[in-house]
Amino acid sequence: MIEIPAGEFQMGDLSGAGTDAELPIHSVAIGAFRLSKHEISFRAWHACVDAEGCTHQPDPGLGRDEKPVVNVSWDDAHTFINWLNRETGRRFRLPSEAEWEYAARAGTGTAYPWGERASHEYANYGTDDCCDGLALGRDQWVNTSPVGSFPANPWGGFTICMAMSGSGPRTVGTEITKALRRTVRPGPRRKVIAVRLLPAADPSMSSRKL
(Lines give C-alpha, C1' and ligand atoms only; values in the text may rest on other atoms or scores of the structure.)
Protein backbone atom coordinates (compact mmCIF):
# COMPACT_ATOMS: atom_id res chain seq x y z
CA MET A 1 0.00 0.00 0.00
CA ILE A 2 1.02 3.59 -0.59
CA GLU A 3 -0.04 6.59 1.48
CA ILE A 4 -2.08 9.16 -0.44
CA PRO A 5 -2.12 12.51 1.38
CA ALA A 6 -5.24 14.57 1.93
CA GLY A 7 -5.71 17.54 -0.36
CA GLU A 8 -7.73 19.28 -3.05
CA PHE A 9 -7.40 18.99 -6.81
CA GLN A 10 -9.02 20.04 -10.05
CA MET A 11 -10.87 17.03 -11.45
CA GLY A 12 -11.55 16.68 -15.16
CA ASP A 13 -9.92 17.46 -18.49
CA LEU A 14 -7.25 20.03 -17.61
CA SER A 15 -5.51 19.79 -20.99
CA GLY A 16 -8.54 20.72 -23.09
CA ALA A 17 -8.00 17.75 -25.38
CA GLY A 18 -10.83 15.58 -24.08
CA THR A 19 -14.59 15.35 -24.49
CA ASP A 20 -17.64 16.77 -22.78
CA ALA A 21 -17.72 13.58 -20.68
CA GLU A 22 -14.68 14.94 -18.81
CA LEU A 23 -16.32 18.26 -17.97
CA PRO A 24 -16.97 20.38 -16.07
CA ILE A 25 -13.64 20.76 -14.30
CA HIS A 26 -14.36 21.08 -10.60
CA SER A 27 -12.53 21.15 -7.28
CA VAL A 28 -12.65 18.03 -5.13
CA ALA A 29 -11.38 17.61 -1.56
CA ILE A 30 -9.94 14.19 -0.78
CA GLY A 31 -9.19 12.73 2.64
CA ALA A 32 -5.99 10.77 3.21
CA PHE A 33 -6.19 7.12 2.20
CA ARG A 34 -4.03 4.16 1.27
CA LEU A 35 -4.06 2.53 -2.16
CA SER A 36 -2.50 -0.67 -3.45
CA LYS A 37 0.86 0.11 -5.01
CA HIS A 38 0.18 -2.13 -8.04
CA GLU A 39 -2.83 -3.46 -9.88
CA ILE A 40 -4.12 -6.84 -8.74
CA SER A 41 -2.13 -9.47 -10.64
CA PHE A 42 -3.26 -12.73 -12.21
CA ARG A 43 -1.23 -14.51 -9.54
CA ALA A 44 -3.27 -12.87 -6.77
CA TRP A 45 -6.53 -13.51 -8.61
CA HIS A 46 -5.79 -17.19 -9.07
CA ALA A 47 -5.09 -17.51 -5.34
CA CYS A 48 -8.76 -16.57 -4.93
CA VAL A 49 -9.76 -19.12 -7.60
CA ASP A 50 -7.64 -21.86 -5.97
CA ALA A 51 -9.28 -21.12 -2.62
CA GLU A 52 -12.70 -21.34 -4.30
CA GLY A 53 -13.42 -17.75 -3.36
CA CYS A 54 -13.67 -16.75 -7.03
CA THR A 55 -15.26 -18.75 -9.84
CA HIS A 56 -14.39 -16.55 -12.82
CA GLN A 57 -11.06 -17.50 -14.41
CA PRO A 58 -10.16 -14.69 -16.84
CA ASP A 59 -7.92 -15.70 -19.72
CA PRO A 60 -7.85 -12.98 -22.39
CA GLY A 61 -4.62 -14.28 -23.89
CA LEU A 62 -2.55 -11.27 -22.81
CA GLY A 63 -0.29 -13.08 -20.33
CA ARG A 64 -0.64 -14.15 -16.70
CA ASP A 65 1.44 -14.41 -13.49
CA GLU A 66 2.51 -10.85 -12.56
CA LYS A 67 0.53 -9.15 -15.31
CA PRO A 68 -2.54 -7.21 -14.13
CA VAL A 69 -5.72 -9.25 -14.12
CA VAL A 70 -8.10 -8.05 -16.84
CA ASN A 71 -11.38 -9.21 -18.37
CA VAL A 72 -13.10 -8.98 -15.02
CA SER A 73 -16.31 -7.14 -14.23
CA TRP A 74 -17.26 -4.90 -11.33
CA ASP A 75 -19.13 -7.88 -9.89
CA ASP A 76 -16.04 -10.11 -10.28
CA ALA A 77 -13.91 -7.50 -8.50
CA HIS A 78 -16.30 -7.45 -5.55
CA THR A 79 -16.25 -11.24 -5.36
CA PHE A 80 -12.45 -11.02 -5.09
CA ILE A 81 -12.68 -8.27 -2.47
CA ASN A 82 -15.15 -10.26 -0.37
CA TRP A 83 -12.77 -13.24 -0.42
CA LEU A 84 -9.77 -11.06 0.45
CA ASN A 85 -11.66 -9.49 3.33
CA ARG A 86 -12.54 -12.92 4.72
CA GLU A 87 -8.97 -14.17 4.34
CA THR A 88 -7.27 -11.16 5.91
CA GLY A 89 -9.86 -10.03 8.43
CA ARG A 90 -9.54 -6.53 6.94
CA ARG A 91 -11.89 -4.46 4.80
CA PHE A 92 -10.89 -3.44 1.29
CA ARG A 93 -12.87 -1.69 -1.44
CA LEU A 94 -12.48 -0.25 -4.91
CA PRO A 95 -11.37 3.39 -5.17
CA SER A 96 -13.88 5.98 -6.27
CA GLU A 97 -13.39 7.84 -9.54
CA ALA A 98 -12.23 10.93 -7.65
CA GLU A 99 -9.80 8.95 -5.51
CA TRP A 100 -8.37 7.26 -8.61
CA GLU A 101 -7.83 10.49 -10.53
CA TYR A 102 -6.36 12.19 -7.47
CA ALA A 103 -3.89 9.34 -6.94
CA ALA A 104 -3.08 9.23 -10.67
CA ARG A 105 -2.29 12.96 -10.80
CA ALA A 106 -0.17 12.67 -7.63
CA GLY A 107 -0.09 16.41 -7.06
CA THR A 108 0.68 17.32 -10.68
CA GLY A 109 -1.39 19.51 -13.00
CA THR A 110 -0.12 18.19 -16.32
CA ALA A 111 -1.87 15.79 -18.67
CA TYR A 112 0.28 12.95 -17.30
CA PRO A 113 2.25 12.67 -14.06
CA TRP A 114 5.51 13.02 -16.04
CA GLY A 115 4.45 15.86 -18.39
CA GLU A 116 2.12 16.86 -21.19
CA ARG A 117 2.77 14.06 -23.68
CA ALA A 118 2.09 10.33 -23.49
CA SER A 119 5.31 8.33 -23.44
CA HIS A 120 6.13 4.63 -23.73
CA GLU A 121 9.04 5.34 -21.38
CA TYR A 122 6.57 5.81 -18.53
CA ALA A 123 3.49 3.75 -19.39
CA ASN A 124 2.19 0.71 -21.23
CA TYR A 125 -0.35 1.64 -23.89
CA GLY A 126 -1.15 1.04 -27.54
CA THR A 127 -1.20 3.13 -30.65
CA ASP A 128 -2.55 6.66 -30.52
CA ASP A 129 -5.46 5.59 -32.70
CA CYS A 130 -7.47 2.94 -30.87
CA CYS A 131 -6.97 0.10 -30.42
CA ASP A 132 -3.81 -1.76 -31.51
CA GLY A 133 -0.96 -2.71 -29.19
CA LEU A 134 2.49 -1.18 -29.58
CA ALA A 135 5.90 -2.04 -28.09
CA LEU A 136 8.20 0.98 -28.06
CA GLY A 137 11.10 2.18 -25.87
CA ARG A 138 10.81 1.02 -22.24
CA ASP A 139 7.37 -0.36 -23.13
CA GLN A 140 8.43 -3.78 -24.44
CA TRP A 141 4.94 -5.31 -24.36
CA VAL A 142 2.45 -5.22 -27.23
CA ASN A 143 -0.29 -5.99 -24.72
CA THR A 144 -0.25 -5.60 -20.93
CA SER A 145 3.01 -5.28 -18.98
CA PRO A 146 3.88 -6.92 -15.63
CA VAL A 147 2.97 -4.78 -12.63
CA GLY A 148 5.77 -2.44 -11.55
CA SER A 149 7.42 -2.30 -15.00
CA PHE A 150 7.54 1.50 -15.15
CA PRO A 151 8.69 4.25 -12.77
CA ALA A 152 6.29 5.12 -9.95
CA ASN A 153 4.51 8.46 -9.88
CA PRO A 154 5.51 11.11 -7.29
CA TRP A 155 3.37 9.44 -4.61
CA GLY A 156 4.78 5.95 -5.22
CA GLY A 157 1.97 4.46 -7.28
CA PHE A 158 2.79 2.29 -10.28
CA THR A 159 0.75 2.50 -13.49
CA ILE A 160 -2.08 4.55 -12.02
CA CYS A 161 -2.18 6.75 -15.12
CA MET A 162 -5.25 5.18 -16.69
CA ALA A 163 -8.60 6.40 -17.88
CA MET A 164 -11.65 5.65 -15.77
CA SER A 165 -14.87 4.08 -16.92
CA GLY A 166 -17.86 3.28 -14.76
CA SER A 167 -16.50 -0.13 -13.84
CA GLY A 168 -12.78 0.49 -13.48
CA PRO A 169 -9.62 1.89 -15.02
CA ARG A 170 -8.65 1.20 -18.62
CA THR A 171 -5.91 2.05 -21.06
CA VAL A 172 -6.95 3.52 -24.39
CA GLY A 173 -4.26 4.98 -26.62
CA THR A 174 -3.08 8.36 -25.37
CA GLU A 175 -6.18 8.86 -23.22
CA ILE A 176 -4.55 6.96 -20.37
CA THR A 177 -5.05 9.66 -17.74
CA LYS A 178 -8.47 11.05 -18.55
CA ALA A 179 -11.47 10.53 -16.29
CA LEU A 180 -14.24 9.41 -18.62
CA ARG A 181 -17.53 9.75 -16.77
CA ARG A 182 -19.63 7.06 -18.35
CA THR A 183 -22.37 4.81 -17.01
CA VAL A 184 -21.25 1.21 -17.41
CA ARG A 185 -23.24 -1.76 -16.13
CA PRO A 186 -21.33 -3.77 -13.49
CA GLY A 187 -21.72 -7.13 -15.23
CA PRO A 188 -19.78 -6.92 -18.54
CA ARG A 189 -16.16 -8.10 -18.66
CA ARG A 190 -13.58 -6.22 -20.72
CA LYS A 191 -9.97 -6.92 -21.58
CA VAL A 192 -9.16 -3.30 -20.74
CA ILE A 193 -10.47 -3.38 -17.15
CA ALA A 194 -7.88 -3.63 -14.37
CA VAL A 195 -8.35 -3.70 -10.59
CA ARG A 196 -6.73 -1.82 -7.70
CA LEU A 197 -7.85 -1.76 -4.05
CA LEU A 198 -7.68 0.39 -0.94
CA PRO A 199 -8.60 -0.32 2.68
CA ALA A 200 -12.23 0.63 3.34
CA ALA A 201 -12.19 4.18 4.73
CA ASP A 202 -14.30 5.62 7.49
CA PRO A 203 -16.75 8.41 6.50
CA SER A 204 -14.32 11.14 7.54
CA MET A 205 -11.99 10.13 4.71
CA SER A 206 -14.51 10.45 1.87
CA SER A 207 -14.17 12.87 -1.02
CA ARG A 208 -16.41 15.87 -1.56
CA LYS A 209 -16.98 18.34 -4.37
CA LEU A 210 -16.16 21.93 -3.45
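Glu52 follows helix α1 and has a positive phi, near 65°. Helices here (H or I, at least four residues) and strands (E, at least two) are DSSP runs, numbered from the N terminus. This is a predicted model: local features need pLDDT of at least 70, side-chain atom pairs count only at pLDDT 80 or more, and totals for chains, interfaces and linings use all residues. Residues are numbered from 1 along each chain as its sequence is written, and side-chain values use heavy atoms, with hydrogens and water left out.

**Overall layout**

- The chain has 3 helices and 9 strands.
- Along the sequence they follow the pattern β-β-β-β-α-α-β-α-β-β-β-β.
- The chain has 210 residues, and 47% of them are buried. Buried means under 20% relative accessible area, exposed means over 50%, and partly exposed lies in between (1.4 Å probe, protein chains only).
- Take the contacts in the chain with a separation of 6 or more: 67% of them join residues 24 or more positions apart. A contact means heavy atoms within 4.5 Å.
- The chain exposes about 10200 Å², and carbon and sulfur atoms supply 48% of that area. Accessible areas come from the Shrake-Rupley method with a 1.4 Å probe; for residues, only the protein chains shown count as cover.

- Helix α1 spans residues 42-50.
- Its buried residues are Phe42, Trp45, His46, Cys48 and Val49.
- Seen down the axis of α1, these buried residues fall within an arc of 150°, so they line one face of the helix. The arc is that of the directions from the helix axis to the C-beta atoms.
- Helix α2 is included in what covers the buried residues of α1.
- The structure holds 1 disulfide, a term for a pair of cysteine sulfur atoms within 2.5 Å.
- Cys48 and Cys54 form this link, with their sulfur atoms 2.0 Å apart.
- The link of Cys48 and Cys54 is right-handed, with 85° about the S-S bond.
- Cys48 is buried, at a relative accessible area of 0%. Cys54 is buried too, at 4%.

**Helix α3**

- Helix α3 covers residues 97-105.
- In α3, 8 of the 9 residues are buried, so the helix is largely enclosed by the rest of the structure.
- The buried residues of α3 are Ala98, Glu99, Trp100, Glu101, Tyr102, Ala103, Ala104 and Arg105.
- Just after α3 comes Ala106, with a positive phi of about 50°.

**Salt bridges**

- The structure holds 4 salt bridges. A salt bridge is a side-chain nitrogen of Lys or Arg within 4 Å of a carboxyl oxygen of Asp or Glu.
- One of them joins Arg43 and Asp65, whose closest N and O atoms are 3.9 Å apart. This pair links distant parts of the chain: Arg43 sits in helix α1, Asp65 in the loop between α1 and α2 (74-88), 22 residues apart.
- Arg43 also meets Glu66 in a salt bridge, at 2.4 Å from N to O. Glu66 lies in the loop between α1 and α2, 23 residues from Arg43, so this pair too links distant parts of the chain. Glu66 is partly exposed, with a relative accessible area of 32%.
- Arg105 and Glu101 form another salt bridge, with their closest N and O atoms 3.0 Å apart. They are 4 residues apart in helix α3, which separates them by about one helical turn.
- Arg105 is buried, at a relative accessible area of 11%. Glu101 counts as buried at 3%.

**Surface patch and loops**

- Leu14, Leu23 and Ile25 make a nonpolar surface patch of about 230 Å². Patches are made of residues with over 30% relative accessible area and no salt bridge: like charges are joined within 9 Å, nonpolar side chains (Val, Leu, Ile, Met, Phe, Trp, Tyr) within 5 Å.
- Leu23 lies in the loop between β2 (7-11) and β3 (26-30). Leu23 is partly exposed, at a relative accessible area of 42%.
- Pro113 lies in the loop between α3 and β6 (163-165). Pro113 counts as buried, at 17% relative accessibility.
- Pro113 and Asn153 are 40 residues apart along the chain, and their C-alpha atoms are separated by 6.3 Å.
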